[in-house]
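Here is a short report for a first look. Keep the sequence and the 3D view open while reading.

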Amino acid sequence: MDKHDFVIRFAGEGGQGLVTSADALARAAAHAGYFVQTHSTFPSQIMGGPASSQVRISTTPVLSSGDGVDVLVALNQYAFDHHIDDLNENGVTVYNAEEYDLPEGGHYFGIKADELAKSTGNARAANMVTIGAVAHLIDFSLVEIDEFITQRFTRGRPGDDEIIEANIKAVRLGVDVAKSSGFTVGQLEAPTAPDYQQIVITGNAALSMGAMAAGLDFYAGYPISPATTVLVWMENNLWGKGRFVHQVASEIEAINAILGAGFAGKKAMTATAGPGFSLMSEGLGLAWMAEIPLVVTNVQRGGPATGLPTKSEQSDLMACLHPAHGDITMPLLAPGTIEECFYAGALATNWAERYQGPVILVSEFGLAERGENIRRPDLSAVSQESRATVSEGDTGKRYDSWDGSTPLPGMPIPGGPGAYVANGSEHDEIGDTTHLPHHHVRLMERRFKKLDLLDGAHFEIENADAEVIIMPWGSSKGPAREAYDRLREQGADIGWLYSVALHPLPEDVLEILKSGKRIIVPELNYLGQWSALLRQDGYNAESITQYTGLPFRPADLVVSIGERIGVGVTV
Amino acid sequence: MSKRNPEYDFAWCPGCGDFGVRRALQVALEGYSIEHEEPQANNVVVAGIGCSGNMVHLVEGDQPFGIHGIHGRTLPISFGVKMGRPELNTVVVAGDGDFLSIGGEHIGPAASRNVDITAVVMDNGVYGLTKGQSSPTSEFGAITTSTPLGKIETPVSPLKNYMAIGVSYIASYYSSKPRILAKLIQEAMNHRGFSIVHVQSPCTTYNDTYDLLKGKPKEGIQGLAYDIPEDHNPYSADAANELLSKPGIPLGVIYKNEGKSLQDRYEDLQAKAPNRTDDEILDSYLLQI
């Protein structure tokens, strides 16, 4: 049976090479012309603990981690017990026969990968034995795997040839075991390779790259899952004249460091997760009040408190929109795909410059470390906006009133004309503290009016004539889209609304919301945060929530949306 | 109100030590600008919150740039200013509550980095702006509005802390002689690395320590403050520690260590940094096995 889409999951303990196996299969498949998306889940510890890593391979772009698993590789009994329910009806499990045994008659077979690997003369080739078995089950081209092995292990060292030979042999031994089991889960259709140049990249790397492409030149950060890889990325890449990157002593130092840099004229960013974001609240208030350009990226994990550091949740939305005391709504970009991470990283940097203030870029664990092959962005096409500045002879003051009818006046930069005090207390035109009502009124209005300058983020509107509109945000876009497509195929009259910018919302999106249509928001939190915010603005929104720490399964959304709209559906 | 801005609605109490520190800061900034032939606009004053924080609005004459930011966060903010734009001269002004209590966590990292900024700390041993609560440097047993039965914490010894934590320039002075204080601040600004000028700046309303500091010579009462002897070697950590082990408040330069600043160290790193273009970085993600 030909299939266009397979999910292969490796489950076991951290440190068993689960991510390496999924990544190897993903790269081999992407190289063969397929679309791939990986997804991992692991405990917040370096070694050990239950973990899994999977890859979805498809002939069309992959929108989500899928419904179930076609091939489960379960390296211990615990992994088998906890993942077997995710196996699709015709799925097959490859279990680690060196670790445990299963009674005869199930949809599974055992493999002694370590023993077989040793027989090739390379004990470290056990992963390749398993990959060989998987390749047979989905009828994946061995030529591609051989090429993968050859390239991976050609390192210009003596002994490369032996290693390559042993690994190729290991794959064949795995194939033989799978063959003799008699199982197969179908044939993977031949791919149509995209005609554009591709990169394989994670969400955190993509948003970092995007910010740098827009001219980011200052980064300060503190390690925290799942945002640490942004700091590591910057420490490895944000070099060169005029650029600065540093690991500081806390998230409080990070936000204040980028405040200083933003004030001094730099394009500055930090990235953190929920607990660190909470510590940045006061600094974000100052950035808003004193009008200092900067970007704070919040790579969400489960919360509250330490919460679920290595799981997916979309539960920081309200905190991101209103992070600090006082009247504040932050501009907020929430990419939903790896490609959108890149462009949102660039746009967030540009927005901060354009409106001279703080911008929140909201990502998620579900995007942070997930690998995907995407079109290579054209860096020369990324715009680099720089804030307006003052020149000698300008008569305007830093904190003059502004009603939006003229371009936003320039910002004085230290070393140049227009010295002022960037003040967190309410202030007058030059930044001196004042409590006079008219200053509070005029500057409150200026600060909110500036948000009107922020547009240009990606949005999608489809079948907006329908009475019910599905409007996911962030990484729930993918599974929601799969559910939406299946429901439409089954004749459901539903529309689609999606916006990377959650504040301010694009005019076209607002128009649909204002029409009073019923908006259904699938989101990964308990409160139904986005629909609550939409209802607060008077729109007719409701949520479908999930708070398991895992992404939505499209099949579950098909059922839950179907129930809401009274359409009987088949999954 | 201030001379430069009649609408400005803050005033220090008559006799406040901060007047003297303001005068000293102004002279130091002007002096530094003249010495290095730089515009005043190259100077950035980063203030915390408290009576001392208002310093940034009260400097008269040609204006430096200023940040009147967040309670306790002067050091990380000024770190961002300095490392973003190393050519700017960055001076922190903060009180003892701001610098040593809520902001205490930032002194160690600033010292470890040896970031090239100068902190002028105004120590009055009390929270003045909130009307008289105990501060880190209030004496043991001090009666304040938040310690009505007496303070039961040991007071912080700021100068010993700075030594222990590795601050590379430490000076101590009081607010009463602005011209000499100005020289110390300017010298601290010239020091390449993290410098602190810790100033006794009495609060005439809640903790008037003028007599305690200066004594009453006519009545034969010795003050706590004394000039550091001329033979003190500020380049010797041992000499500095010995000085600080004695009672009283020394006036002058306690310690100097002329090593590499964070900027120097960063330039060393830049020299060995991978100088890849953005396109080259992106190409490292190109689909290959």
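## Burial and overall form

A residue is buried if 20 or more other C-beta atoms lie within 10 Å of its own, exposed if 12 or fewer, and partly exposed in between, with C-beta atoms placed from the backbone. By that test, 56% of the 571 residues of chain A count as buried. The model is predicted: local features need pLDDT of at least 70, side-chain atom pairs count only at pLDDT 80 or more, and totals for chains, interfaces and linings use all residues. Residues are numbered from 1 along each chain as its sequence is written, while chains are lettered from A and ligands numbered from 1 in the order in which they are written.

Chain A has 19 helices and 23 strands. These are DSSP runs numbered from the N terminus: helices are H or I with at least four residues, strands E with at least two. The radius of gyration of chain A is 26 Å, close to the 25 Å that the globule rule gives for 571 residues, so chain A is as compact as a globular protein of that length. The radius is taken over C-alpha atoms, and the rule is 2.2 Å times the number of residues to the power 0.38.

## An open sheet

Five strands of chain A form an open sheet in the order β18-β20-β19-β22-β23, with mixed pairing. Strands pair if DSSP finds at least two bridges between them. The edge strands are β18 (459-462) and β23 (541-545) of chain A. The twist averages 25° from one strand to the next.

β18(A) pairs with β20(A) (residues 494-499) in the antiparallel sense, over four bridges. Here A:Glu462 stands opposite A:Trp496. Helix α16(A) (residues 477-489) packs on the sheet and touches β19, β20 and β22 of chain A. Residues are in contact if their C-beta atoms, placed from the backbone, lie within 7 Å.

## Where the chains meet

The contact takes 58 residues from chain A and 43 residues from chain B. Helix α9(A) (residues 251-263) gives the most to the side of chain A that touches chain B, with nine residues. That side has 29 nonpolar, 20 polar and nine charged residues. Ala, Val, Leu, Ile, Met, Phe, Trp, Tyr, Cys and Pro count as nonpolar, Asp, Glu, Lys and Arg as charged, and the others, Gly among them, as polar.

Strands also link the chains. Three bridges join β17(A) (residues 421-423) to β2(B) (residues 65-68), and the two run parallel. A:Asn423 stands opposite B:His68.

Notes. Two residues are in contact if their C-beta atoms, placed from the backbone, lie within 7 Å. Axes are lines fitted to C-alpha atoms, for helices over the stretch in contact, and angles run from 0 to 180 degrees between N-to-C directions.
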